[in-house]
Amino acid sequence: MSVQESYVPTHPDLFIVEFLPGDFASRLISLKSFEAGETIADLSRFTRVPHAAYDTIQCGPGDNIKYNSDLVYVNHSCEPNIAFDFSSKDTSRWHVRASRPIKQGDPLTYFYPSTEWNMAQPFDCLCGSAKCLGRVEGAVSLSAAELSSHGFINPWIWTQFEAKQN
Ligand SMILES: C[S@@+](CC[C@H](N)C(=O)[O-])C[C@H]1O[C@@H](n2cnc3c(N)ncnc32)[C@H](O)[C@@H]1O
């Protein structure tokens with residue numbers, strides 16, 4: 001059975017996965033409109049995993065989680081429309097929110113270096129934005145200006161960045 005055939009939506013009221021041919025070409029589409037700053041979903045389904053992979057997200061240094069949800073299909077964009085916020089010490093407050101207005105039918109994207117310090121699977125970005133950085137390897141390879149011009153960045157990434165400077 002293919003991934004598509006065995007797919008069971010985790011948030012059928014919020015998202016739909018658009019399965020596209022090619023490696024890692026699928027994407028997550030919003031079924032609703034959101035205002036900038038609006039919370040879209042909590043991240044309560046996550047589980048911690050020991051190693052970073054293409055389908056994990058970093059919530060702290062050496063701290064990787066699996067979403068266990070459709071959110072794994074959110075692609076990177078250098079001009080993203082959502083943000084994953086791991087800034088609270090209380091994990092029940094971790095959430096994903098709209099970083100700019102989102103219309104029903106828009107693909108959902110976030111800026112991967114906002115959570116990924118050093119990515120397990122770097123790639124050449126196809127986001128098509130005028131602000132595109134090209135190669136996406138994680139925050140470790142970005143300058144302060146590059147890091148600060150693509151929306152929200154998780155505080156622990158800034159902490160790593162400052163440590164690297166010193
Ligand atoms: C967690 S997956 C996202 C869902 C993925 N598109 C899929 O079909 O499974 C992350 C992978 O998607 C691909 N990807 C995500 N955003 C991309 C982008 N802007 N340009 C090119 N590839 C991207 C990369 O291969 C990346 O390692």
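Two residues are taken to be in contact if their C-beta atoms, placed from the backbone, lie within 7 Å. The model is predicted: local features need pLDDT of at least 70, side-chain atom pairs count only at pLDDT 80 or more, and totals for chains, interfaces and linings use all residues. Residues are numbered from 1 along each chain as its sequence is written.

Leucine 28 is in contact with Phe15, Val17, Asp70, Leu71, Tyr73, Val74, Pro107 and Leu108, leaving aside its neighbours within four places in sequence. Leu28 lies in strand 2 (residues 27-30), where side chains alternate. Strands (E, at least two residues) are DSSP runs, numbered from the N terminus. Leu28 and Ser30 point to one face and are buried. Burial requires 20 or more other C-beta atoms within 10 Å of a residue's own; 12 or fewer make a residue exposed, and counts in between make it partly exposed, with C-beta atoms placed from the backbone. Strand 2 pairs with strand 1 (residues 15-18) in the antiparallel sense over 4 bridges. Pairing requires that DSSP finds at least two bridges between two strands. Valine 17 has leucine 28 as its bridge partner in strand 2.

The largest nonpolar core has 26 residues. Such a core is a set of buried Ala, Val, Leu, Ile, Met, Phe, Trp, Tyr and Cys residues joined through C-beta atoms within 7 Å. Leu28, Val74, Ile82, Phe84, Val96 and Tyr110 touch the most other members. Strand 8 (82-85) and strand 9 (95-98) are the elements that give two or more residues to this core. Strand 8 gives the most, with 3 residues.

An open sheet of 3 strands has the order 4-6-5, with antiparallel pairing. Strand 4 (47-49) and strand 5 (56-60) are the edge strands, each pairing on one side only. Strand 5 is joined to strand 6 (residues 63-66) by 4 bridges. Glycine 60 has aspartate 63 as its bridge partner in strand 6.

Most residues other than glycine have a negative phi. Phenylalanine 24, in the loop between strand 1 and strand 2, has a positive phi of about 55°. Phenylalanine 24 counts as exposed because it has 12 C-beta neighbours inside 10 Å. Asparagine 68, in the loop between strand 6 and strand 7 (75-76), also has a positive phi of about 55°. Asparagine 68 counts as partly exposed, with 13 C-beta neighbours inside 10 Å.

The ligand is surrounded by 16 residues, the closest being Phe24, Ser26, Asn75, His76 and Leu126.

How values were computed: A residue is near a molecule or strand if its C-beta atom, placed from the backbone, lies within 6 Å of it.
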